Each structure stands twice: as structure tokens, then as C-alpha cells.
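Thanks for asking me to look this one over.

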Amino acid sequence: MSSDPRQAAIDDIVARYLEVDPYAPVPDDRLPLAVPGFGAAEVAEAIDSLLSGWLTMGRKVQAFERAWADYLGVKHCVMVNSGSSALLVMLRAVVETGRMAPGDELIVPAVAWSTDLFATAQAGLTPVVVDVDPDTLNVEGEWDRPVLAVHLLGQPSRATGPLVLEDACGAHGARIDGRAVGGRGLASVFSFFFSHHLTTIEGGAVVTDDDEFADHCRGLRAHGWVRERSDRAWWEQAHPEIDPRFLFASAGFNVRPTEIAGAFGIHQIPRLDSAVAIRRRNHQDWCDRVDALGLPLRTFPEAPGTEHASFGLSMLLDASSPLTRAQLCERLEARGVQTRAISGGNLVRQPAFAHVPRARVEGDLTVADAVHERGFFVGNSHAFGDAQGQLLEAALRDAFAG
Ligand SMILES: Cc1ncc(COP(=O)(O)O)c(C=O)c1O
């Protein structure tokens, strides 16, 4: 940060203005979907960027990229402006590097985020939509084709195949056999949207160990330019007839983050592990509480060998439930518990599915249909604890009592 004394005065005002600890627990009578997880350090860093005049992607984005790659234990992190942009960049890079040919099939779970499906088709691949596992609500198992392992709502997916791509957009700090998700396959994406475990306001990233893949991602995020590629000199020598400042090697997008996003992010990473530990504890405690009620409702605890990052607590009503999901959610909301459907439910049943080129379904989608009709989740956060567990337990008990 700047050594200008006026900056110190601004930092002091920001610290006093945001005096309330962003990591303080929220009131006991509410269970919101998400709680903002930033404080004075992020705001002061963002103001520092604004005052410096350097607002476009620069050294703070680079510092965040290095820190996030180091946290995950991978070589490269390429930051972009959202998790959906990261998906698009990752999947286009898969095609540009020849790992998959245009039209090749990618296994995509039916219960995922909408842009998992859309970006697959937008990248020129064929989404093959399959059912999810009844115990994790993730795509699982061993596939004969490349698979997009979506770690839904923070629950790690162990799916494998000849090529594994991960969507860890809601699974920051989740682990499989002790290793953070995001380094299992060729590449992985993250979202840093406001409500996620780690936020840069809007934001996302592609991470990979592969040098060539990372070069393609850097080109794809910024117009297709060679500027950020490690082999930039080679491209410039190979094309002496083109002005090197406007030399394009990828059929790219412009999905760069701003420097403000980097400014936010660098202060978030050190807090992640403690925040995820609280989410994990809540997750197990809330599963136990809900299970003990004996309602026609099931929970999804952490799977063996994994550490759940618990974006939220998913629940599935039994088909025999006397309450529909809409009735139950209305009653929970009236008691201060916010609810949402589990992503888009079965994405095949969304009207947008008709606009996804080439997409096709393989096998039946029994679990996805159940999730579509009877699944919902409530939020989890570093700011929640026992009080929210008690609230959830009481709200569910009362909701079923009438
Ligand atoms: C699994 C998953 N993938 C992708 C995304 C998209 O991320 P973004 O909202 O940053 O575009 C989300 C968003 O929550 C998500 O949960």
C-alpha cells in the first residue's frame, strides 16, 4: 500500500467505519443464505487501488493468482471476472490445446450450475448429461470419457475418467484424501462471487499445473493476445509482419478481472481454512440435528475420505412427505431460515436446455428428478454456529408440526 500519510488517515477511517468484525456471529434468530465475509483490510486495499489510478488487471491480481495457486498446490492460476467465465476459458482451452476435439463428449452432471452445461456447448463440446449419486448429489464413478467433476455446494466429487476437469466454484478449501480440490485433473475452476467462501466481489479463476494449458487460458481471457504467454517471444519471431502489440494467437474473449478484485482476494485467502473449519463443524452438527428429528427428510453428510466445504446444507424430502418442498420452504422462510433449490435442479428440465446445442442425456435421471422436485438447501457460513443449528432444528420441527 502507499506510504502517503493521507492514505494512512483513510485506512484509519475505513477501519473505524467497518469496526464491526466481519467474522462476528450473526443474530440468533436468522439463518440467511450467505453472510458477507470481508472487512476493513479488503476495503482499504480497494481504495488504495482506486487512489493509485491502477484499476485494470495488474500486480494485485498477480499477487492473488500466486497466492491462490500456492494455497492449492498448483502451478498456475489465471484469474477472470466470474466462475462462469472461468468455465468458458477452461473448456475452450481444452479444445485449443487439442485435449478434446470440437464435438467431443464431456460428461456433465444433471444437477450442476447452469453454466456448466452452457459453457460446455459454447466451447464447442457435446454435453452428455448424466445422473448424480444419491449420497453426494455429485457425478461420481469412473467414466470412459472426459468428465466435469462438479463439487456441488462444497461436497467433493471423486469422479474420474481419461480427462478430469473440476468445477470447484463452490468448494474452496474442500479436500479429498487431505488434498484441496482443484488439483485433481488437468484444470479446475473457482468462483469468487460475493456469497462464496472466498470473495473478490465478482470473480473466478482457472487453475492448472500444465504450462501450455495456462498459456492458452491467459490468451483466452484477454482477447486472444500473446502478451501474457510464456512463449510470447516465439510468437513474435514467427510473425514479424504483425505488430507484436496486437498479435493474437487464441480465439479469445475479454473476461479480465479488475484490480479491485485482486485487492479483495489477497486478504481473503489467509482466512479460508478457519472459515471452512467452522462450516464443516456446522455441517456435521446440523446433519445430526436434522436426522435426530426423524422427519421425512434426508441430509447429505461429508462422504468418507473427504472434507466438505459446505457452501450450504442440502436436504431432500422423501416422496412420502406430507409437505411439498414449496410448502416447507415457505414455512422455513417465515421462521427466518432462507432456502433455495439445489442449483437448477435437473438442468434438463430447465427451458434453457432447448437452447444448448448438441446436449444429450445418457441413462435415467432419477436422482436429479428427485432433487428437482424435492431438494433444497439452507446457507452455511463462518458466521454461523450452534444458534443457527438450534434455529434450523426448531424451524423444521415446527414446520412439520403445522
Ligand atoms: C458449481 C458452480 N459452477 C459455476 C458457478 C458460476 O460462478 P459465477 O457465479 O461466478 O459465474 C457457480 C456459482 O455459484 C457454481 O456454484
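Predicted model: local features only at pLDDT ≥ 70, side-chain atom pairs only at ≥ 80, totals over all residues.

1. Beyond its neighbours within four places in sequence, Val206 is in contact with Val78, Ala86, Val89, Met90, Ala187, Val189 and Cys217.

2. Two of those partners come up again when we turn to the largest nonpolar core, which has 105 residues. Val89, Met90, Ala205 and Val206 are the residues with the most contacts inside this core. Helix 4 (residues 83-96) supplies its largest share, 8 residues. The core also takes at least three residues from each of domain 1 (51-271) and domain 2 (273-401). As general background, nonpolar side chains tend to be buried together in soluble globular proteins.

3. Next, have a look at the open sheet, where 4 strands follow the order 10-12-15-13 with antiparallel pairing. Which are the edge strands? They are strand 10 (297-299) and strand 13 (339-340), each of which pairs on one side only.

4. At one end of that order, strand 10 pairs with strand 12 (residues 312-317) in the antiparallel sense, over 3 bridges. Within this pair, Leu297 stands opposite Leu317 in strand 12.

5. Finally, the helices against these strands. Helix 9 (residues 272-293) lies across strand 10 and strand 12, and runs at about 160° to strand 10. Helix 11 (residues 366-374) packs on the sheet too, touching strand 12 and strand 15 (375-379). The direction of helix 11 makes about 100° with that of strand 12.

Notes: Residues numbered from 1 in each chain as written. Core = buried A, V, L, I, M, F, W, Y, C linked by C-beta atoms within 7 Å. Buried ≥ 20, exposed ≤ 12 C-beta atoms within 10 Å, placed from the backbone. Helix = DSSP H or I, 4+ residues; strand = E, 2+ residues; numbered from the N terminus. Domains from an automatic or database assignment. Contact = placed C-beta atoms within 7 Å. Pairing = 2+ DSSP bridges. Axes fitted to C-alpha atoms, helices over the stretch in contact; angles between N-to-C directions.
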